[in-house]
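Subject: Structure handover

Hello,

Here is the structure I promised to pass on. Please look through it before reading my notes below.

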Amino acid sequence: MAGSDNEIHILTYNIHKGYCSGNRRFMLESMRERIAETGADIVFLQEIHGTAIKSEAKKKKFSYPDQPHFEYLADQAWPHFAYGRNAIYRKGDHGNAILSMHPFISWENIDVSIFPRSSRSILHGVIELPHKKTRLHTLCVHLGLLEQERREQLQTLTERIDQHVPRDEPMIIAGDFNDWRRRAENHLHDDLGLAELFVSLEGRHARTFPVWAPLLPVDRVYFRGLNPVSCRRLASGQWRDLSDHAALFGVFQLT
(Lines give C-alpha, C1' and ligand atoms only; values in the text may rest on other atoms or scores of the structure.)
Protein backbone atom coordinates (compact mmCIF):
# COMPACT_ATOMS: atom_id res chain seq x y z
CA MET A 1 0.00 0.00 0.00
CA ALA A 2 0.99 3.61 -0.39
CA GLY A 3 2.52 5.05 2.78
CA SER A 4 2.95 2.73 5.78
CA ASP A 5 1.95 -0.92 5.69
CA ASN A 6 -1.33 -0.37 7.51
CA GLU A 7 -2.53 2.65 5.52
CA ILE A 8 -5.19 2.63 2.80
CA HIS A 9 -5.30 5.47 0.27
CA ILE A 10 -8.62 5.83 -1.56
CA LEU A 11 -10.17 8.04 -4.23
CA THR A 12 -13.80 8.46 -5.26
CA TYR A 13 -14.77 10.20 -8.50
CA ASN A 14 -17.85 10.63 -10.69
CA ILE A 15 -16.13 10.85 -14.07
CA HIS A 16 -19.17 12.01 -16.08
CA LYS A 17 -18.62 9.26 -18.70
CA GLY A 18 -15.19 10.67 -19.44
CA TYR A 19 -16.35 14.12 -20.55
CA CYS A 20 -15.73 17.55 -19.11
CA SER A 21 -18.70 19.62 -17.98
CA GLY A 22 -20.87 20.57 -20.94
CA ASN A 23 -19.61 17.48 -22.83
CA ARG A 24 -17.35 19.63 -24.98
CA ARG A 25 -14.22 17.49 -24.64
CA PHE A 26 -13.49 13.83 -23.93
CA MET A 27 -11.02 13.81 -21.03
CA LEU A 28 -10.51 10.14 -20.17
CA GLU A 29 -6.76 10.13 -20.86
CA SER A 30 -6.23 13.16 -18.61
CA MET A 31 -8.43 11.58 -15.96
CA ARG A 32 -6.29 8.46 -16.02
CA GLU A 33 -3.14 10.54 -15.51
CA ARG A 34 -4.56 12.57 -12.63
CA ILE A 35 -6.03 9.53 -10.86
CA ALA A 36 -2.76 7.60 -11.16
CA GLU A 37 -0.83 10.56 -9.72
CA THR A 38 -2.78 10.29 -6.45
CA GLY A 39 -1.27 6.88 -5.72
CA ALA A 40 -4.62 5.58 -4.47
CA ASP A 41 -4.75 1.91 -3.50
CA ILE A 42 -8.50 1.72 -4.19
CA VAL A 43 -10.48 3.89 -6.63
CA PHE A 44 -14.28 4.19 -6.59
CA LEU A 45 -15.69 5.38 -9.94
CA GLN A 46 -19.20 6.39 -10.96
CA GLU A 47 -20.67 7.07 -14.43
CA ILE A 48 -18.01 5.03 -16.16
CA HIS A 49 -18.55 3.24 -19.46
CA GLY A 50 -18.29 -0.51 -19.81
CA THR A 51 -19.33 -0.69 -23.45
CA ALA A 52 -19.44 2.45 -25.59
CA ILE A 53 -20.21 1.91 -29.26
CA LYS A 54 -18.98 4.88 -31.29
CA SER A 55 -18.60 5.57 -35.00
CA GLU A 56 -15.09 5.54 -36.40
CA ALA A 57 -15.30 9.30 -36.95
CA LYS A 58 -16.25 9.91 -33.33
CA LYS A 59 -13.56 7.53 -32.07
CA LYS A 60 -10.97 9.49 -34.03
CA LYS A 61 -12.32 12.88 -32.95
CA PHE A 62 -12.46 12.08 -29.24
CA SER A 63 -9.67 9.44 -29.02
CA TYR A 64 -12.04 6.83 -27.60
CA PRO A 65 -10.32 3.68 -26.34
CA ASP A 66 -11.55 0.38 -27.77
CA GLN A 67 -11.46 -1.35 -24.39
CA PRO A 68 -13.95 -0.80 -21.54
CA HIS A 69 -13.20 2.52 -19.88
CA PHE A 70 -12.66 1.00 -16.43
CA GLU A 71 -9.95 -1.23 -17.93
CA TYR A 72 -8.42 1.77 -19.67
CA LEU A 73 -8.28 3.71 -16.40
CA ALA A 74 -6.92 0.73 -14.48
CA ASP A 75 -4.13 0.33 -17.07
CA GLN A 76 -1.07 -1.10 -15.27
CA ALA A 77 -1.64 0.74 -11.99
CA TRP A 78 -4.54 -1.32 -10.62
CA PRO A 79 -4.36 -5.01 -11.58
CA HIS A 80 -7.75 -5.84 -10.03
CA PHE A 81 -11.12 -4.29 -10.85
CA ALA A 82 -14.84 -4.88 -10.67
CA TYR A 83 -17.56 -3.27 -12.77
CA GLY A 84 -21.31 -3.14 -12.28
CA ARG A 85 -23.65 -1.84 -14.99
CA ASN A 86 -26.51 0.36 -13.89
CA ALA A 87 -27.61 1.85 -17.22
CA ILE A 88 -27.93 -0.11 -20.46
CA TYR A 89 -28.86 1.52 -23.76
CA ARG A 90 -28.62 0.91 -27.49
CA LYS A 91 -25.00 2.02 -27.84
CA GLY A 92 -23.53 0.77 -24.62
CA ASP A 93 -23.72 0.86 -20.85
CA HIS A 94 -22.27 2.67 -17.87
CA GLY A 95 -22.17 2.10 -14.15
CA ASN A 96 -19.84 1.89 -11.15
CA ALA A 97 -16.33 0.47 -10.93
CA ILE A 98 -13.79 -0.27 -8.21
CA LEU A 99 -10.09 -0.42 -9.10
CA SER A 100 -7.78 -2.06 -6.58
CA MET A 101 -4.11 -2.76 -5.97
CA HIS A 102 -5.20 -5.85 -4.05
CA PRO A 103 -7.27 -8.85 -5.15
CA PHE A 104 -11.03 -9.18 -4.82
CA ILE A 105 -12.28 -12.14 -2.83
CA SER A 106 -15.73 -11.53 -4.29
CA TRP A 107 -17.91 -8.80 -5.75
CA GLU A 108 -21.60 -8.32 -6.55
CA ASN A 109 -23.64 -5.61 -8.25
CA ILE A 110 -26.98 -4.85 -6.57
CA ASP A 111 -29.70 -3.20 -8.66
CA VAL A 112 -31.40 -0.42 -6.66
CA SER A 113 -33.35 1.16 -9.52
CA ILE A 114 -36.73 2.58 -8.54
CA PHE A 115 -37.79 4.09 -11.87
CA PRO A 116 -37.18 2.58 -15.34
CA ARG A 117 -35.42 5.69 -16.67
CA SER A 118 -33.22 6.13 -13.59
CA SER A 119 -31.05 3.02 -13.38
CA ARG A 120 -28.86 2.84 -10.27
CA SER A 121 -26.80 0.18 -8.52
CA ILE A 122 -24.48 -0.52 -5.59
CA LEU A 123 -21.24 -2.37 -6.35
CA HIS A 124 -20.05 -4.37 -3.32
CA GLY A 125 -16.54 -5.78 -3.48
CA VAL A 126 -14.61 -7.62 -0.76
CA ILE A 127 -10.86 -7.00 -1.06
CA GLU A 128 -8.12 -8.96 0.69
CA LEU A 129 -5.52 -6.57 2.11
CA PRO A 130 -1.99 -7.85 2.75
CA HIS A 131 -2.08 -6.62 6.35
CA LYS A 132 -2.85 -9.85 8.26
CA LYS A 133 -5.08 -10.86 5.31
CA THR A 134 -7.72 -8.36 6.36
CA ARG A 135 -11.02 -8.43 4.46
CA LEU A 136 -12.05 -4.89 3.46
CA HIS A 137 -15.61 -4.31 2.27
CA THR A 138 -15.82 -1.64 -0.44
CA LEU A 139 -19.16 -0.33 -1.69
CA CYS A 140 -19.33 2.05 -4.65
CA VAL A 141 -22.66 3.86 -4.91
CA HIS A 142 -24.48 6.27 -7.21
CA LEU A 143 -27.91 7.15 -5.85
CA GLY A 144 -30.90 8.76 -7.58
CA LEU A 145 -31.73 12.43 -8.07
CA LEU A 146 -35.14 12.26 -6.38
CA GLU A 147 -35.52 12.06 -2.61
CA GLN A 148 -38.02 9.20 -2.91
CA GLU A 149 -35.41 7.20 -4.83
CA ARG A 150 -32.64 7.90 -2.39
CA ARG A 151 -34.77 7.01 0.63
CA GLU A 152 -35.52 3.54 -0.75
CA GLN A 153 -31.97 3.07 -2.04
CA LEU A 154 -30.46 3.97 1.33
CA GLN A 155 -32.79 1.44 2.95
CA THR A 156 -31.53 -1.23 0.52
CA LEU A 157 -27.93 -0.20 1.28
CA THR A 158 -28.61 -0.47 5.02
CA GLU A 159 -30.08 -3.95 4.61
CA ARG A 160 -27.17 -5.04 2.43
CA ILE A 161 -24.65 -4.01 5.06
CA ASP A 162 -26.64 -5.53 7.92
CA GLN A 163 -26.81 -8.87 6.12
CA HIS A 164 -23.41 -9.07 4.38
CA VAL A 165 -20.85 -7.02 6.31
CA PRO A 166 -19.73 -8.41 9.70
CA ARG A 167 -19.26 -5.75 12.38
CA ASP A 168 -15.62 -6.77 12.94
CA GLU A 169 -14.61 -6.27 9.27
CA PRO A 170 -13.62 -2.77 8.03
CA MET A 171 -15.73 -1.07 5.40
CA ILE A 172 -15.63 1.95 3.06
CA ILE A 173 -18.66 3.26 1.17
CA ALA A 174 -17.85 5.92 -1.40
CA GLY A 175 -19.53 7.57 -4.35
CA ASP A 176 -22.11 10.06 -5.53
CA PHE A 177 -24.98 10.10 -3.04
CA ASN A 178 -26.83 13.07 -4.63
CA ASP A 179 -27.67 13.88 -1.03
CA TRP A 180 -27.44 17.67 -0.94
CA ARG A 181 -30.03 17.71 1.88
CA ARG A 182 -27.77 15.53 4.05
CA ARG A 183 -30.36 12.86 4.81
CA ALA A 184 -28.01 9.87 4.38
CA GLU A 185 -26.68 10.19 7.93
CA ASN A 186 -30.03 9.01 9.30
CA HIS A 187 -29.33 5.61 7.78
CA LEU A 188 -25.56 5.32 7.68
CA HIS A 189 -24.57 6.95 10.96
CA ASP A 190 -27.57 6.30 13.19
CA ASP A 191 -28.46 2.80 11.93
CA LEU A 192 -25.05 1.39 11.02
CA GLY A 193 -22.47 3.29 13.06
CA LEU A 194 -20.68 4.69 10.02
CA ALA A 195 -18.80 8.00 10.01
CA GLU A 196 -18.08 10.32 7.09
CA LEU A 197 -14.43 11.10 6.34
CA PHE A 198 -14.63 14.88 5.80
CA VAL A 199 -17.09 15.38 8.65
CA SER A 200 -14.76 13.44 10.97
CA LEU A 201 -11.65 15.44 10.04
CA GLU A 202 -12.96 18.85 8.93
CA GLY A 203 -16.34 19.11 10.62
CA ARG A 204 -18.46 19.21 7.45
CA HIS A 205 -19.07 17.43 4.16
CA ALA A 206 -16.91 18.35 1.18
CA ARG A 207 -18.68 20.38 -1.49
CA THR A 208 -18.02 18.69 -4.81
CA PHE A 209 -20.52 19.85 -7.43
CA PRO A 210 -20.19 21.64 -9.78
CA VAL A 211 -16.40 21.42 -9.87
CA TRP A 212 -15.83 25.02 -11.08
CA ALA A 213 -17.73 26.44 -8.06
CA PRO A 214 -18.46 23.57 -5.64
CA LEU A 215 -21.70 24.20 -3.75
CA LEU A 216 -23.38 20.83 -3.22
CA PRO A 217 -21.92 18.12 -0.94
CA VAL A 218 -23.08 15.17 -3.04
CA ASP A 219 -19.95 12.98 -3.04
CA ARG A 220 -19.10 11.19 0.21
CA VAL A 221 -16.76 8.70 1.87
CA TYR A 222 -18.28 6.74 4.77
CA PHE A 223 -16.32 4.21 6.82
CA ARG A 224 -16.39 1.81 9.76
CA GLY A 225 -13.62 -0.12 11.50
CA LEU A 226 -10.86 2.24 10.27
CA ASN A 227 -9.07 5.31 11.60
CA PRO A 228 -9.30 8.43 9.38
CA VAL A 229 -5.92 10.11 8.78
CA SER A 230 -6.36 12.78 6.10
CA CYS A 231 -8.67 13.96 3.32
CA ARG A 232 -8.52 16.27 0.29
CA ARG A 233 -10.98 17.62 -2.23
CA LEU A 234 -9.45 17.65 -5.73
CA ALA A 235 -11.17 20.51 -7.55
CA SER A 236 -8.46 22.98 -8.56
CA GLY A 237 -5.71 23.09 -11.15
CA GLN A 238 -5.99 20.39 -13.79
CA TRP A 239 -8.80 18.65 -11.89
CA ARG A 240 -11.06 21.63 -12.61
CA ASP A 241 -10.99 20.90 -16.37
CA LEU A 242 -12.05 17.25 -16.11
CA SER A 243 -15.42 15.94 -14.85
CA ASP A 244 -18.24 18.14 -13.54
CA HIS A 245 -17.60 16.65 -10.06
CA ALA A 246 -14.61 17.12 -7.80
CA ALA A 247 -12.77 13.98 -6.73
CA LEU A 248 -12.28 13.11 -3.05
CA PHE A 249 -9.08 11.56 -1.71
CA GLY A 250 -8.66 9.99 1.72
CA VAL A 251 -6.20 8.09 3.86
CA PHE A 252 -7.16 5.54 6.53
CA GLN A 253 -5.27 3.39 8.97
CA LEU A 254 -6.25 -0.16 9.75
CA THR A 255 -7.06 -0.50 13.42
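This is a predicted model: local features need pLDDT of at least 70, side-chain atom pairs count only at pLDDT 80 or more; totals for chains, interfaces and linings use all residues.

Residues are numbered from 1 along each chain as its sequence is written, and side-chain values use heavy atoms, with hydrogens and water left out.

Cores first. The largest nonpolar core has 29 residues. Such a core is a set of buried Ala, Val, Leu, Ile, Met, Phe, Trp, Tyr and Cys residues joined through side-chain atoms within 4.5 Å. Buried means under 20% relative accessible area, exposed over 50%, partly exposed in between (1.4 Å probe, protein chains only). Y13, I35, L45 and L73 have the most contacts inside this core. Elements that each supply at least two of its residues include β1 (7-14), α1 (28-37) and β12 (247-254). Helices (H or I, at least four residues) and strands (E, at least two) are DSSP runs, numbered from the N terminus. The largest share, 4 residues, comes from α3. Another core, of 24 residues, lies apart from it, with I98, C140, L226 and C231 among them.

Next, the rings. The whole structure has 6 aromatic pairs. Rings of Phe, Tyr and Trp (its six-membered ring) pair if their centres lie within 6.5 Å; planes under 30 degrees apart are stacked, over 60 edge-to-face, the rest tilted. F70 and F81 are edge-to-face, because their centres are 5.6 Å apart and their planes at 65°. F70 is in helix α3 and F81 in strand β3 (residues 80-89), so the pair ties together parts 11 residues apart in sequence. F70 is buried at 9% relative accessible area; F81 is partly exposed at 31%. Ring pairs link F70, F81 and Y83 into a cluster.

T134 is in strand β7 (residues 134-142). T134 is buried, with a relative accessible area of 17%. Leaving aside neighbours within four places in sequence, T134 contacts (heavy atoms within 4.5 Å) I127, E128, L129, P170 and L254.

Last, the pocket. The largest pocket is lined by 14 residues. On a 1 Å grid over the protein atoms alone, a pocket is an open set of points where a 1.4 Å probe fits, with protein on both sides within 12 Å along at least five of seven lines; lining residues have an atom within 4 Å of a point. E47, L145, D176, N178 and H245 lie nearest its centre.

Best wishes
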